[in-house]
Amino acid sequence: MTTAPSPTQDELKALVGQAALRYITPGDIVGVGTGSTVNKFIDALATIKDQVRAAVSSSVASTERLRALGIPVLDANEVEQLSVYVDGADEIDHHGYMVKGGGAALTREKIVAALAQRFVCIADASKLVPVLGQFPLPVEVIPMAAQQIARRFATLGGQATLRLKDGQALITDNGQHILDVRGLQITDPLGWESAINQWPGVVTVGIFAHQKASVCLLGTAQGVETITY
């Protein structure tokens with residue numbers, strides 16, 4: 001008797017991207033995140049694009065993909081509220097708190113998430129953790145404050161490094177830099193998010209606790225597991 005091979009990470013991403021369609025109501029304007037898992041959701045969304053009024057996107061890359069597939073994209077300023085925002089996570093805990101920003105779009109992701117009544121997180125099982133912090137915490141910063149902010153993280157036991165691209169400081173869609181902070185155990189996500197966002201020069205910290213997930217669609221070897229928070 002042969003057992004079926006376990007699905008690859010890419011196949012799990014496609015599964016949860018497809019599963020997220022059940023949270024879309026015909027006529028919706030859909031909030032769309034950023035990243036490889038979300039790209040699978042965008043591809044799935046294109047199969048029902050006649051039922052979708054438009055999308056609000058959290059990055060230039062997602063906007064380009066949506067438009068290429070024939071889905072109109074609105075500016076966030078044109079929308080008062082979204083019924084749903086679909087995005088991935090670099091980590092998610094058992095309360096629905098997340099670390100995000102591996103794709104450098106954390107600020108716009110948080111802006112679009114704040115418009116939505118429901119945040120549907122799509123992720124594979126490797127992203128579910130007991131305590132946030134194994135994944136380096138992304139923090140979008142104004143460049144002149146980067147070293148000051150890095151020193152503040154050092155007092156908390158974190159090692160902050162400037163994210164590079166092709167040997168140069170990565171520039172976000174907002175024209176800013178990103179610090180990736182290792183060595184943290186984020187035991188109080190709400191408190192940490194509130195505190196770090198007050199530091200001068202921080203644009204956005206990649207802790208999503210105030211904009212946490214309502215639902216997580218988790219891709220596992222057994223299929224899609226739905227976790228409701």
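This briefing walks through a predicted protein model, from its overall build to a few single residues. Residues are numbered from 1 along each chain as its sequence is written, and side-chain values use heavy atoms, leaving out hydrogens and water. Because the model is predicted, local features need pLDDT of at least 70 and side-chain atom pairs count only at pLDDT 80 or more, while totals for chains, interfaces and linings use all residues.

**Overall build**

- The protein has six helices and 16 strands; these are DSSP runs numbered from the N terminus, with helices being H or I of at least four residues and strands being E of at least two.
- Along the principal axes, the C-alpha atoms fill a box of roughly 50 × 50 × 35 Å.
- Of the contacts with a separation of 6 or more, 71% join residues 24 or more positions apart (contact means heavy atoms within 4.5 Å).

**Surface and charge**

- Buried residues account for 52% of the 229 residues (buried is under 20% relative accessible area, exposed is over 50%, and partly exposed is in between, using a 1.4 Å probe and protein chains only).
- The protein exposes about 10800 Å², and carbon and sulfur atoms supply 50% of that area (areas come from the Shrake-Rupley method with a 1.4 Å probe; for residues, only the protein chains shown count as cover).
- There are 18 positive and 22 negative side chains, and the centres of the two sets lie 2 Å apart (Lys and Arg count as positive, Asp and Glu as negative, and His and the chain ends are not counted; the charge is placed at NZ of Lys, CZ of Arg, CG of Asp or CD of Glu).

- In α5, the buried residues are Ala 146, Ile 149, Ala 150 and Phe 153. They cover an arc of only 105 degrees around the axis, so they sit on the same side of α5 (the arc is that of the directions from the helix axis to the C-beta atoms).
- On the other side of α5, Gln 147, Arg 151 and Thr 155 are exposed.
- The buried residues of α5 pack against β8 (137-141), β9 (159-162), β12 (177-182), α6 and β13.
- Just after α5, Gly 157 takes a positive phi of about 90 degrees.
- In α6 (residues 189-196), Pro 189, Trp 192, Glu 193 and Ile 196 are buried. Their arc around the axis is only 100 degrees, which puts them on the same side of α6.
- Cover for the buried residues of α6 includes α4 (106-115), α5 (146-155), β13 (202-205) and β14 (207-208).

**Residues to look up**

- Thr 37 lies in helix α2 (residues 36-46) and counts as buried at 11% relative accessibility. Leaving aside residues up to four places away in sequence, Thr 37 touches Lys 13, Val 16 and Ile 122.
- Met 144, in the loop between β8 and α5, is exposed with a relative accessible area of 81%. Met 144 and Gln 176 are 32 residues apart in sequence and 9.8 Å apart in space, C-alpha to C-alpha.

- Most residues other than glycine have a negative phi.
- Ala 104 has a positive phi near 75 degrees. Ala 104 lies in the loop between β6 (98-99) and α4 and is buried at 14% relative accessible area.
- Asp 166 has a positive phi near 55 degrees. Asp 166 lies in the loop between β10 (164-165) and β11 (168-169) and is exposed at 75% relative accessible area.
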